[in-house]
Amino acid sequence: MFQHDNDPKYKAKSTCHWLQQNKVKVLEWPSQTLDLNIIEPLWGDLKHAVHARQHRNLQELEAFCQEEWAALPPEKIKNLIHNYHKRLLVVIDVLVRFLFSVSKGYRKITYHNWRHGFNVGQTMFTLLMTGNLKRYYTDLEAMAMVTAAFCHDIDHRGTNNLYQMKSGHPLAKLHGSSILERHHLEFSKTLLKDESINIYQNLNRRQYDHAIHMMDIAIIATDLALYFKKRAMFQKIVDQSKTYDSEEAWTEYLMLEQTRKEIVMAMMMTACDLSAIAKPWEIQSKVALLVAAEFWEQGDLERTVLQQNPIPMMDRNKADELPKLQCGFIDFVCTFVYKEFSRFHPEIQPMYDRILNNKKEWKALADEYEAKMKALEEREAEKRRQTACKTSPCFDRERKWRKRPSN
Ligand SMILES: [Zn+2]
């Protein structure tokens with residue numbers, strides 16, 4: 001009997017063929033993380049023992065593996081199973097401590113607070129599981145992606161990259177580009193250096209480096225400036241997936257294409273980060289106000305600290321334009337992500353449907369506001385016309401002309 005963690009080496013054709021030929025039953029239930037595999041430590045012992053015997057060919061390697069496996073003391077296996085509960089509690093304890101520290105790392109600001117961080121983490125989990133995107137990634141990679149999503153805006157200050165540059169913030173001097181995103185990443189990596197909350201503490205060097213590499217790419221990808229550069233590459237991957245006859249063949253191909261997998265992951269991070277736009281209208285309308293409120297706070301700072309006029313999006317005097325701005329944001333930024341993801345995996349269609357509905361709602365509000373403004377403008381124009389006539393000779397002529405019949 002065999003259970004694996006979706007690592008490509010276990011899913012490779014040759015491994016599957018070997019397992020089938022040797023009638024090894026592969027467990028069907030969802031795989032566990034490396035930490036939670038009851039007999040995981042045995043693999044290290046086996047590797048060590050086989051390596052010490054220095055095999056000369058494949059036959060010898062197989063024989064040594066069989067012999068060393070059979071020689072593993074049953075007491076050790078019994079202990080591992082017996083201690084499982086205790087080890088599980090330690091893992092859960094570290095995980096809870098880590099998530100608590102991440103939540104505390106978020107500042108109590110209007111929008112980029114722990115609520116946003118948590119939502120992005122939850123959406124990543126949903127995209128992987130309900131959206132079925134997990135099939136391209138190992139358990140370790142999926143874990144790194146969910147972690148990155150939870151951490152992606154940690155220690156956000158409620159102002160954007162441009163503001164850090166304009167205000168000459170030390171972070172802008174430290175990081176040349178993607179200023180805040182690099183800060184969120186460094187902050188997260190610093191948390192993981194504390195052994196009492198390091199959720200990756202049981203990984204070997206190679207696994208640890210890979211998890212950090214995935215987090216690097218995922219968190220930096222939340223810089224929207226980079227998203228626009230990656231759109232064409234993602235679209236190509238979606239197109240390519242349509243050229244495969246079977247889902248299995250496509251999955252097997254993409255699993256081993258690290259660069260393409262990372263582009264999909266980067267796009268998933270954007271889909272998670274913007275996901276408030278794909279929530280039911282009751283939620284979207286409230287969250288949009290929170291985002292706007294944080295932007296207006298930055299606009300106020302630009303006026304007072306930088307002595308500059310903010311752009312309309314950050315100008316609280318132009319708050320009424322929010323529905324129009326939301327329509328533009330949906331059309332030019334958000335639609336692509338969810339449209340392409342639902343083309344890639346139909347399971348993601350509900351997110352695209354919601355964004356279409358939210359666009360309708362914002363458009364109705366924008367039209368209502370525009371109609372009101374138009375009516376107001378017409379009334380103003382009429383008033384101006386009347387005032388102009390009262391003070392101009394035409395008014396006198398008109399008055400005289402009107403008075404004539406009564407004379
Ligand atoms: Zn974010």
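Hi everyone, let's start inside helix α14, because that is where Val-264 lies. One thing to keep in mind throughout: this is a predicted model.

So, is Val-264 buried or exposed? Its relative accessibility is 0%, and therefore Val-264 counts as buried, the cut-off being under 20%. Leaving aside residues up to four places away in sequence, Val-264 touches Leu-133, Tyr-137, Phe-234, Ile-237, Leu-254, Phe-341 and Phe-344. Met-233 is worth a look too: Val-264 and Met-233 are 31 residues apart in sequence, and their C-alpha atoms are 9.1 Å apart in space.

Phe-234 and Phe-344 are both buried. They also belong to a cluster joined by ring pairs, made up of Tyr-136, Tyr-137, Phe-234, Tyr-244, Trp-250, Tyr-253, Phe-341 and Phe-344.

There is a charge over a ring as well: Arg-231 lies over the face of Phe-336, 4.8 Å from the ring centre.

Now step along to His-345, in the loop between α16 and α17 (349–391). With a relative accessible area of 1%, His-345 is buried. Not counting residues up to four places away in sequence, His-345 touches Gly-131, Asn-132, Leu-133, Arg-135 and Tyr-136.

Which residues of α17 are buried? They are Met-351, Tyr-352, Ile-355, Asn-358, Trp-362 and Ala-366. These buried residues pack against α6, α14 (258–273), α15 (281–304) and α16.

For another helix, turn to α11 (residues 205–220), with 16 residues. From first C-alpha to last α11 reaches 22 Å, close to the 22 Å expected at 1.5 Å a residue. Its buried residues include Gln-207, Tyr-208, Met-214 and Met-215. The buried residues of α11 pack against α7, α10 (179–192), α12 and α14.

Which residues are the protein donors of the zinc ion? They are His-116 and His-152, each through NE2, and Asp-153 and Asp-273, each through OD, at 2.0 to 2.1 Å from the zinc ion. Along the chain, these donors follow the spacing H-x35-H-D-x119-D. His-116 lies in helix α6 (residues 114–129), while Asp-153 is in the loop between α7 (139–151) and α8 (161–166), so the pair ties together parts that are 37 residues apart in sequence. Both His-116 and Asp-153 are buried.

And why is the arrangement around the zinc ion irregular? The four donor atoms subtend angles of 88 to 177 degrees. A tetrahedral site would need all angles between 85 and 135 degrees, so the 177 degrees rules that out, and the arrangement is irregular.

Thanks, everyone. Over to you!

Technical notes:
Residues are numbered from 1 along each chain as its sequence is written. This is a predicted model: local features need pLDDT of at least 70, side-chain atom pairs count only at pLDDT 80 or more; totals for chains, interfaces and linings use all residues. Side-chain values use heavy atoms; hydrogens and water are left out. Donors are N, O and S atoms within 2.8 Å of the metal (3.2 Å for Na, K and Ca); water is not among the atoms, so sites may look incomplete. Four donors count as tetrahedral if all angles lie between 85 and 135 degrees; four count as square planar and six as octahedral if opposite donors are over 155 degrees apart and all others between 65 and 115; anything else is irregular. Helices (H or I, at least four residues) and strands (E, at least two) are DSSP runs, numbered from the N terminus. Buried means under 20% relative accessible area, exposed over 50%, partly exposed in between (1.4 Å probe, protein chains only). Rings of Phe, Tyr and Trp (its six-membered ring) pair if their centres lie within 6.5 Å; planes under 30 degrees apart count as stacked, over 60 as edge-to-face and the rest as tilted. A charge sits over a ring if NZ of Lys or CZ of Arg is within 6 Å of the ring centre and within 35 degrees of the ring normal. Contact means heavy atoms within 4.5 Å. The expected span of a helix is 1.5 Å times one less than its number of residues.
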